Amino acid sequence: MKLNVVVLLSGLSVCLSGQSDPKQNENYRIICPKSRVEATVGEDVTLDCYFNPQQDVTKELFEWKFNKKERALVYRSRNFSTVDQAEKFRNRASLGSNGSLTEGKIPLIITNVREADQGTYSCSGGRERKSCKIQLIIELPKEPADKKEVVQFPSTTPKSTDPPKNNMLTIAGLAVGIPTVLIAAASAAILWHYCRKTNTTPAQNDTALTERLTSGGEPMPSGSQTPPSPERTGTAERRRVKKTMKKPETPRLEDMENTTDCSN
């Protein structure tokens with residue numbers, strides 16, 4: 001009987017010794033491979049962090065903090081909590097594609113990084129809340145090398161208040177064109193009135209005037225459209241010549257007497 005009790009106690013001690021020590025998990029470490037990471041505005045950046053030795057952390061609590069204040073990523077009760085996550089990291093920060101909770105790999109990925117994301121990120125987890133830190137540096141996009149910066153200085157030349165050249169040309173055209181049109185219209189009206197009064201066309205009036213000046217005959221009667229005949233023109237010319245010729249004067253009787261006295 002005593003032998004059986006000893007054997008039973010021995011087997012129980014062996015089983016207890018084969019179980020893991022509750023303090024064994026307290027020897028883990030949290031490791032960040034890089035202490036400094038650089039990224040450019042608009043890019044996606046990954047901050048690596050893992051447990052060492054490798055272990056399953058699906059039942060553990062771990063988190064990423066930004067500048068020791070804002071939570072970028074929180075995992076508890078086997079779920080990622082968006083309630084505890086800072087507003088600026090929602091829909092932008094999550095577990096990296098190379099992460100594995102069963103292996104203790106908990107990288108943080110931030111998409112479309114901004115200048116405000118620059119700072120210190122700490123990864124912590126486990127019962128002892130051990131942690132490591134990474135400094136994230138954000139750079140502005142670099143301009144192409146062939147692009148030269150052009151500095152524009154404010155113009156010191158006073159702005160001209162003169163109207164545009166096109167407007168000046170338009171005004172000048174109107175100033176010349178309107179009087180010309182008015183003069184042409186007035187001339188046409190006068191000519192039309194004259195033609196209507198004489199009942200002739202302008203061409204006929206010009207022809208009659210030319211013939212009167214060249215022939216020297218009598219003026220055509222108003223309203224006549226045919227020039228005077230050659231016979232009428234010759235008769236008028238003869239009358240004009242007769243008027244200009246003077247008849248010889250007949251010597252008076254007194255003059256004759258005076259002439260006789262002088263001869264004596």
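**Reading the sheets**

Mentor: An open sheet of 6 strands runs in the order β2-β11-β10-β5-β6-β7, with mixed pairing. Keep in mind that this is a predicted model.

Trainee: Which strands stand at the edges of that sheet?

Mentor: Look for strands with a single partner. Here they are β2 (36-40) and β7 (79-80), so one side of each has no neighbour in the sheet.

Trainee: How many bridges join β6 to β7, and in which direction do the two run?

Mentor: Strands count as paired from at least two bridges. Strand β6, residues 70-76, has 2 bridges to β7, and the two run antiparallel. For a residue-level view, take Tyr75: its bridge partner in β7 is Phe80.

Trainee: What is the strand order in the open sheet of 3 strands?

Mentor: The order is β3-β9-β8, with antiparallel pairing. β3 (45-47) and β8 (93-95) each have a single partner strand, so both are edges with one side left without a neighbour in the sheet. Neighbouring strands in this sheet are turned by 25 degrees against each other on average, direction ignored.

Trainee: How many bridges join β8 to β9?

Mentor: There are 3, and β9 covers residues 108-110. Ala93 stands opposite Ile110 in β9.

Trainee: Is Ser100 buried or exposed?

Mentor: Compare the relative accessible area with the cut-off: buried means under 20%. Ser100 has 18%, so Ser100 is buried. Ser100 lies in the loop between β8 and β9.

Trainee: Which side chain does Ser100 join in a polar contact?

Mentor: That of Thr102, with a polar contact of 3.2 Å between the two side chains.

Technical notes:
Residues numbered from 1 in each chain as written. Predicted model: local features only at pLDDT ≥ 70, side-chain atom pairs only at ≥ 80, totals over all residues. Heavy atoms only, no water. Helix = DSSP H or I, 4+ residues; strand = E, 2+ residues; numbered from the N terminus. Axes fitted to C-alpha atoms, helices over the stretch in contact; angles between N-to-C directions. Buried < 20%, exposed > 50% of the residue type's maximum accessible area, 1.4 Å probe, protein only. Polar contact = N/O pair within 3.5 Å; in protein donor to acceptor, adjacent residues only side chain to side chain.
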